[in-house]
Amino acid sequence: MSDILIVDDERDIRELVADILEDEGYSTRKAGTAKDCMSEVEAEPPGLLILDIWLKDSDMDGIDILKIVKRDYPDVPVVIISGHGNIEIAVAAIKQGAYDFIEKPFNIDQLMVVIRRAMETSRLRRENSTLRRKDAGVTEMIGASAAFRGLIGQLDKVTKSNGRVMLTGAPGTGKEVAARYIHAKSNRASAPFVSINCAGVEPERMEEILFGRESAERGVEPGLLEQANGGVVYFDEVADMPLGTQSKILRVLVDQQFARVGGSDQVRVDLRVISSTCRRLEDEIDAGRFRQELFHRLNVVPIPVPALDDRREDIPLLASHFIAGFNDSQGLPLRELSDDAVALMQTMDWPGNVRQLKNLVERVLILGDGSGPIEAAELPGESAGPADDGRVVLSGALATMSLRDAREAFEREYLLTQINRFGGNISRTASFVGMERSALHRKLKSLGVVTTSKAGARVAHVDADADAEEPASS
């Protein structure tokens, strides 16, 4: 996209403009009819299109070509030239997206000023687009747990297809990171990734933002779907999309085209759609808030994203990744994690999932005093541990129990926490708590603790029918 395509039905004009531009160091192509013009554009979009309004022996005029080019190749600037110029034609051209309008016979200096500005605008747009895509692709998937490996295995299976993917999971689990992973590994990686937060857009503005708009005052304003053409559009929290918009998105998925708000021309797009939700969409359908047809269109490949509680083994890796990231982006201290801090983080509750962990790491780095390892005392909830005199804070519930019941309740919760911390691995749990593995198995059986598979990992829980369940595995 570095050359200039000159379209004029007068050979002398084409040759004159080409000679001038080539003297200035530009490479050029020439076309004398609408058909030749479209063939050149489709073969390789130019860096700039110089387009005559009136084209003899053609089935389209310059305005028709302008509409198609701005629809299918919105980054290509178009300079309109005409020997029959008037205000109405100029206004019509600008409304349809032309960069500028020059009347014949044109002044060479004026033409060169417009061309240089248009080429610079085109270059900046491409650079900005490339930088945005590069920045978006930096997002990494971090982890080593069984649940994480299961997620990566599912994501890798869908990267090379164009199938629609529905990512489900609680807020903060990293659904957008998973969507960007699919995009980065796909054959659309060099094309745009456009994220649309359905919960963050006012319902009355949703269609204008998605489809763009056309108006006499402001001309053509492309929407996000048009900007994502050739790439991936990600609907974050799709359950919050207004019902009226849902029916129109359904039509886009079927036809891969739409009309801008206020316009009548159909805009063709080539999109891969990835969606996410933290709700159960079947319940939303039953409540009349989500269209069943759209659900079936979007839910071609459902992939659950595990909660942080289901991948506690990954917490040290994630925390270290965030520490390095904050050091690089904000200059915060590059600190390690002490063993006690890791143990506490792996046993904490994480209702906000990975997002909560990232926020916690940032807070500790900002408020911390030194550059040494992060200690457990710097983390919230550490007061539940031993005090300076060796005592442990006793909860009100334990204080009302008999010694035997309190000991059993403590052992059950303690062992549940440790097993889940080590991803259901009994050998590692036994080593940490200081028990023989066989003795730990017996203790777990007596406490009614079992493990079952969840999101590709072993998760410990209490079951009233523990004798009939599978025992905790090694």
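The following legends describe close-up views of a predicted model.

**Notes on the model.** Residues are numbered from 1 along each chain as its sequence is written, and side-chain values use heavy atoms, with hydrogens and water left out. In this predicted model, local features need pLDDT of at least 70 and side-chain atom pairs count only at pLDDT 80 or more, whereas totals for chains, interfaces and linings use all residues.

**View 1. The chain as a whole.** The secondary structure comprises 19 helices and 16 strands; helices (H or I, at least four residues) and strands (E, at least two) are DSSP runs, numbered from the N terminus. Of the 474 residues, 44% count as buried. Here buried means under 20% relative accessible area, exposed means over 50%, and partly exposed lies in between (1.4 Å probe, protein chains only). Among contacts (heavy atoms within 4.5 Å) with a separation of 6 or more, 68% join residues 24 or more positions apart.

**View 2. The largest nonpolar core.** A nonpolar core is a set of buried Ala, Val, Leu, Ile, Met, Phe, Trp, Tyr and Cys residues joined through side-chain atoms within 4.5 Å. The largest one has 30 residues, of which L225, F235 and I249 touch the most other members. Two or more residues each come from β7 (193-197), α8 (206-211), β10 (232-236), α10 (243-255), α11 (281-286) and α12 (292-298). The greatest contribution, four residues, is that of α10.

**View 3. The surroundings of L225.** Which residues are in contact with L225, leaving aside its neighbours within four places in sequence? They are L210, F211, V233, F235, I249, V252, F258, V269 and L271.

View 4. In α19 (residues 437-447), L440, L444 and L447 are buried. Because these residues cover an arc of only 65° around the axis, they lie on the same side of α19; the arc is that of the directions from the helix axis to the C-beta atoms. An α-helix has 3.6 residues a turn, so residues three or four places apart point the same way. The buried residues of α19 pack against α17, α18 (426-433) and β15 (449-454). On the other side of α19, R442, K445 and S446 are exposed. Just after this helix, G448 takes a positive phi of about 75°.

**View 5. Y414 in helix α17.** Is Y414 buried or partly exposed? Y414, which lies in helix α17 (residues 403-421), counts as partly exposed because its relative accessibility is 32%.
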